[in-house]
Amino acid sequence: MSLSINKEKIKTYAVSILVPLVLGAIVGVLTTRTMHYENLNKPFLAPPAILFPIAWSILYTLMGISHGMLKWSRLSTPDTEAIYYAQLVVNLIWPILFFSLEWRLFSFIWIILLDILVITMTLKFYRKDKTAGLLQIPYCLWLIFASYLNLATYLLNR
């Protein structure tokens with residue numbers, strides 16, 4: 001009995017972690033050809049390009065772990081699922097807006113929407129499971145930093 005429960009738990013967490021990682025990787029591959037990050041005037045504190053896939057991989061993994069925690073413990077509800085997938089979709093569209101389309105000002109407005117969704121998701125997760133919510137704090141902090149980078153990049157490159 002315990003073995004089948006562990007397999008189900010592993011499956012729940014694996015799916016929850018792989019969905020954002022795989023989708024993020026797909027968007028990364030699609031936008032890499034149009035990125036031209038090295039040609040942009042970058043703001044103070046802009047990290048090297050290599051840091052972004054590392055940071056996002058960690059954040060997507062934490063996002064998946066939190067989602068898996070709620071799914072496995074049956075604390076996930078339609079509203080937590082809706083906010084989780086809404087923020088994930090908005091997140092995945094942002095690099096297309098910023099890098100591929102070069103809509104830097106619109107992408108700043110878009111990332112503010114993402115900030116709001118992720119803070120809301122974090123609070124909803126925290127109410128269901130404190131650890132699941134706390135695991136989203138790095139994501140919130142990174143998005144605030146990314147918002148600064150987005151706006152500053154727009155201002156420096158318009």
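Helix α2, which runs over residues 51-72, has 22 residues and reaches 31 Å from its first C-alpha to its last, close to the 32 Å expected at 1.5 Å a residue; helices here are DSSP runs (H or I, at least four residues), numbered from the N terminus, and the expected span is 1.5 Å times one less than the number of residues. The model is a predicted one, in which local features need pLDDT of at least 70 and side-chain atom pairs count only at pLDDT 80 or more, while totals for chains, interfaces and linings use all residues. Residues are numbered from 1 along each chain as its sequence is written, and side-chain values use heavy atoms, with hydrogens and water left out.

Among the buried residues of α2 are Ala 55, Trp 56, Leu 59, Tyr 60, Met 63 and His 67, where buried means under 20% relative accessible area, exposed over 50%, and partly exposed in between (1.4 Å probe, protein chains only). An α-helix has 3.6 residues a turn, so residues three or four places apart point the same way. Ser 57 also belongs to α2, but it counts as partly exposed because its relative accessibility is 35%. The C-alpha atom of Ser 57 is separated by 12 Å from that of Val 27, although the two residues are 30 residues apart along the chain. After α2 comes Arg 74, whose phi is positive, near 60°.

Helix α4 can be read in a similar way: its 25 residues should span 36 Å at 1.5 Å a residue, and its end C-alpha atoms are 35 Å apart, which agrees. Its buried residues include Arg 104, Asp 115, Leu 117 and Phe 125, and the buried residues of α4 pack against α2, α3, α5 (130-134) and α6. Ser 107 is found in α4 and counts as buried because its relative accessibility is 0%. Leaving aside neighbours within four places in sequence, Ser 107 is in contact (heavy atoms within 4.5 Å) with Trp 94, Leu 97, Phe 98 and Asn 150.

Asn 150 is in turn one of the buried residues of α6, as are Tyr 139, Cys 140 and Leu 143. Helix α6 has 20 residues and reaches 29 Å between its first and last C-alpha, close to the 28 Å expected, and its buried residues pack against α2, α3 and α4.

Which residues have the most contacts inside the largest nonpolar core? This core, a set of buried Ala, Val, Leu, Ile, Met, Phe, Trp, Tyr and Cys residues joined through side-chain atoms within 4.5 Å, has 33 residues, and those with the most contacts inside it are Trp 56, Ile 111, Leu 114, Val 118, Met 121, Tyr 139 and Leu 143. At least two residues of this core are supplied by each of α2, α3 (78-100), α4 (104-128) and α6 (137-156), and the largest share, nine residues, comes from α3. Not counting residues up to four places away in sequence, Val 118 touches Gln 87, Tyr 139, Cys 140 and Leu 143.

The largest pocket has a volume of about 670 Å³. On a 1 Å grid over the protein atoms alone, a pocket is an open set of points where a 1.4 Å probe fits, with protein on both sides within 12 Å along at least five of seven lines, and lining residues have an atom within 4 Å of a point; the volume is the space filled by probe spheres set on the points, which are joined across faces, edges and corners. Of the 33 lining residues, Met 35, Phe 52, Pro 53, Trp 56 and Phe 99 are the closest to the centre of the pocket. The largest share of the lining, seven residues, comes from α1.
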